Amino acid sequence: MSQRPRAAIASTGRYSPARVMTNAELSEIVDTSDEWIYTRTGIRERRIAADGEGAADMAERASRRALDQAGLTPSDVDLILVSTATPDRLLPSTACDLQALLGANDAGAYDFATACSGFVYGLAIAEGHIVAGHARNVLVVATEKMSAIVDWTDRATCVLFGDGAGAAVIRPADDERGILSSYMKSDGRLADLLYRPSGGARTPFDVAVLGERGHLVKMTGREIFKSAVRSMCEAADAALQRAGVTADEIDLLVPHQANIRIIEATARYADIPMDKVYVNVDRFGNMSSASIPVALDEVREQGLAGPGSVILMVAFGAGLTWAASVVRL
Ligand code: ACO
């Protein structure tokens, strides 16, 4: 194992909105069924944020839990890194709004946009800042209000997503625990497989955009599915190899929760049996970058992985982006 300076996950936290939306309820909104959704995706229900509840609000709830777990207060935080595809406002960043909500007044804060791969990218970004000596206590938060950007008239996408937030405190590693490897990749040539066509700087939001629903998520599901399996397998391989760890040595795979069939294909390829794979897509749907940290917090709470466990996280999302990380908890 390499002796380079490392960063470790000191604690985690999560937040799920109270409102549960079942597949049955969705079938009253669009032409779908529990049977179709469950057999194609493994999703039974998802959480939906309340009106007026934003990405920063959810992030605050998850962050406070992670800080409490680490025995830290907001004023101990040096840096806040927020992954979100659903910022509350286009200016300023959700990270700055979160900073204000937390009262983490001594921190720097910024957002980054790598969609569903965000938490795994965020671990590597945090590690970079820690190893470079920019920060000691870094809050990595993934918060997603997907219900605000999906097209509720498009049955092919609205059934897949849910809302939530997950957070982790990353600190310098002082023993053999920590981030053992990271792998990050993207392919911008495939951006239009999963995107929001308008509402940004090139085509600012206006009445025409609203009429075309161009500000909402568009997805080519089948192509995304194929790319997801291919790239998650590549990322898993690369992260294991960089960590010098074999699949046998992985105690738990915590994959992005987009679709149970993508998860099963990734696990099969990585040679990790499904009893070592954490799945919560049935309860939450795809919460984009919040999926992995929410899963990680559940895993730790349930004692499925704890200090010393070696976990593999692997994610895939819009961009396209994909990433994996091997971490000794
Ligand atoms: N209910 C009922 N029928 C539906 C629904 C629905 N919710 N959605 C689509 N259909 C219909 C389609 O209209 C189509 O009908 P047709 O044959 O009459 O045209 C039929 O079902 C089959 O559609 P496909 O898109 O071919 O179905 P597929 O088996 O590919 O499953 C799915 C669709 C579940 C979206 C799959 O492609 C998938 O999971 N793709 C990956 C999507 C994903 O995970 N995206 C996010 C990943 S990245 C990130 O996390 C941001």
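**Salt bridges and the domain interface**

Glu223 and Lys226 both sit in helix 8 (residues 221–243), three residues apart, or about one turn of the helix. Helices here are DSSP runs of H or I with at least four residues, strands are runs of E with at least two, and both are numbered from the N terminus. The side chains of Glu223 and Lys226 form a salt bridge, 3.1 Å from N to O. A salt bridge is a side-chain nitrogen of Lys or Arg within 4 Å of a carboxyl oxygen of Asp or Glu. Glu223 is partly exposed at 34% relative accessibility. Lys226 is also partly exposed, at 46%. Buried means under 20% relative accessible area, exposed means over 50%, and partly exposed lies in between (1.4 Å probe, protein chains only).

The model is predicted; local features need pLDDT of at least 70, side-chain atom pairs count only at pLDDT 80 or more, and totals for chains, interfaces and linings use all residues. Residues are numbered from 1 along each chain as its sequence is written, and side-chain values use heavy atoms, leaving out hydrogens and water.

The domain assignment of the protein gives domain 1 (7–175) and domain 2 (179–328). Such bounds come from an automatic or database assignment. The domain centres, taken over C-alpha atoms, are 14 Å apart. In the interface, 52 residues of domain 1 are in contact with 45 residues of domain 2. Contact means heavy atoms within 4.5 Å. Together the two domains bury about 3,900 Å², with 60% of this area on carbon and sulfur atoms. Arg14, Cys116 and Val120 supply 17% of the area that domain 1 buries against domain 2, more than any other three residues. Buried area is the accessible area (1.4 Å probe) that two parts lose on being put together, summed over both.

Polar contacts also join the domains. Several elements give two or more residues to the side of domain 1 that touches domain 2, among them helix 5 (118–131) and strand 7 (163–172). Strand 1 gives the most to this side, with eight residues. By class, this side has 24 nonpolar, 17 polar and 11 charged residues. Ala, Val, Leu, Ile, Met, Phe, Trp, Tyr, Cys and Pro count as nonpolar; Asp, Glu, Lys and Arg count as charged; the others, Gly among them, count as polar.

The whole structure holds 14 salt bridges. Five salt bridges cross the interface of domain 1 and domain 2. Glu301 and Arg14 meet in a salt bridge at 3.1 Å, N to O. Glu301 lies in helix 11 (residues 291–301) and Arg14 in strand 1, so this pair ties together parts that are 287 residues apart in sequence. Glu301 is exposed at 52% relative accessibility, whereas Arg14 is buried at 15%. Asp297 forms a salt bridge with Arg65, the closest N and O atoms lying 3.8 Å apart. Arg14, Arg65, Asp297 and Glu301 are linked in a network of salt bridges.

Helix 11 also carries Glu298. The side chains of Glu298 and Arg283 form a salt bridge at 2.9 Å, N to O. Arg283 lies in helix 10 (residues 281–284), 15 residues from Glu298 in helix 11. Glu298 is buried at 3%, whereas Arg283 is partly exposed at 30%.
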